[in-house]
Structure formats: C-alpha cells, structure tokens
Amino acid sequence: MVAAATPGIAALLRAAVPHEVVRFSHDPRESSFGLEAVRALADARGVAPEQIYKTLVIAVPDGLAVAVLPAPARLSLKAAAAALGVAKATMAEPAAAERATGYVVGAISPFGQRRSLPTVVDAGALARERVYCSAGRRGWDVAVSPRDLIRLTGAVTADIQV
C-alpha cells in the first residue's frame, strides 16, 4: 500500500477502507484523462473499461456537486440534477472545480476533497466488485469497493449516463 501521498489516499486510510493504489504512466500532453486511465488499466491489468470511473464536477443552482461514472460514458446532466434533487446542472468551470476540490482537473478524486460536495455515483457501480477512480494525482487510480465509494462520499446512486 502507498502512504498517504494525496488527500484522497489519506481519507481512505483514515476510514480504514481496503484499497489498492494503481499507478500508470501519464502523458502530460493528454487531455482526456479518464480515457487515458482506461487505456492504461485495460491494457496493463485487464481491467474492464466500465470499471474505471471518472469524477466530474458539475455546477448546480446552490453551488457545485460531483458525478462519478464510468470513464467511457457520457454524463446526463439532466439525470445527475434529478438524482441530486435540483432543477438543472451544467459542467463546472475547471478553475471552480479545482478550488472546491483541491485537486487539478484530470486528477479530481471523489475522496479527500477540500469541501464535501453533494455526490451522485452511477448505479452501475453496484454491479462491480471493485471500481477504479482517481487517487488525486494524474496517473494514479485507486481501486475500491463501490459500496465504500458511496459510503465515504455520502453519495446517492442513480443511472446518470446518456
């Protein structure tokens, strides 16, 4: 196990959540961070692409929220808003997402964020034994039980894919 190198890993350690930190080579020219993780983990470890999740920050009427869904999928903003009980949602500005979470875009972890934000996790996660999501650094993912992901983030679950 890797020491608490990021706030996300520290949060998992504090909560005594079983996890595995997985590192892969990050290309600094890459801008599709979730798909980069899919390519790296599917090729090197045989992980199913639908098991690798991305963390998106969305703007809602009262501030920001988080949507966690499979990296290859597209987010339904309408479904995410409904799951969070708000009228509408849009993608957050990257700078606002970074300020609120304490992470840089491409490394936003659902764990250990600067501020606790309302979170929705795609319900498909519950069909998996483990999901991979950002550990808080580009090129680092963490494998956790979807139930631990939901519990630690206080998330609701819903079908949020287009």
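Select Glu-20 to begin: its relative accessibility of 25% makes it partly exposed (buried is under 20% relative accessible area, exposed over 50%, partly exposed in between, with a 1.4 Å probe and protein chains only). The model is predicted, so local features need pLDDT of at least 70 and side-chain atom pairs count only at pLDDT 80 or more, while totals for chains, interfaces and linings use all residues. Residues are numbered from 1 along each chain as its sequence is written, and side-chain values use heavy atoms, with hydrogens and water left out.

Helices (H or I, at least four residues) and strands (E, at least two) are DSSP runs numbered from the N terminus. Arg-45 is partly exposed, at 43% relative accessibility.

Keep Glu-20 and select Arg-130; their side chains meet in a salt bridge of 2.9 Å, N to O. Arg-130 sits in the loop between β5 (119-122) and β6 (131-137) and Glu-20 in strand β1, so the pair ties together parts 110 residues apart in sequence. Arg-130 has a relative accessible area of 28% and is partly exposed.

Now move to helix α5 (residues 146-153), where Asp-148 and Arg-151 lie three residues apart, about one turn of the helix. Their side chains form a salt bridge at 3.0 Å, N to O. Asp-148 is buried at 16% relative accessible area, whereas Arg-151 is exposed at 51% relative accessibility.

Note on methods: A salt bridge is a side-chain nitrogen of Lys or Arg within 4 Å of a carboxyl oxygen of Asp or Glu.
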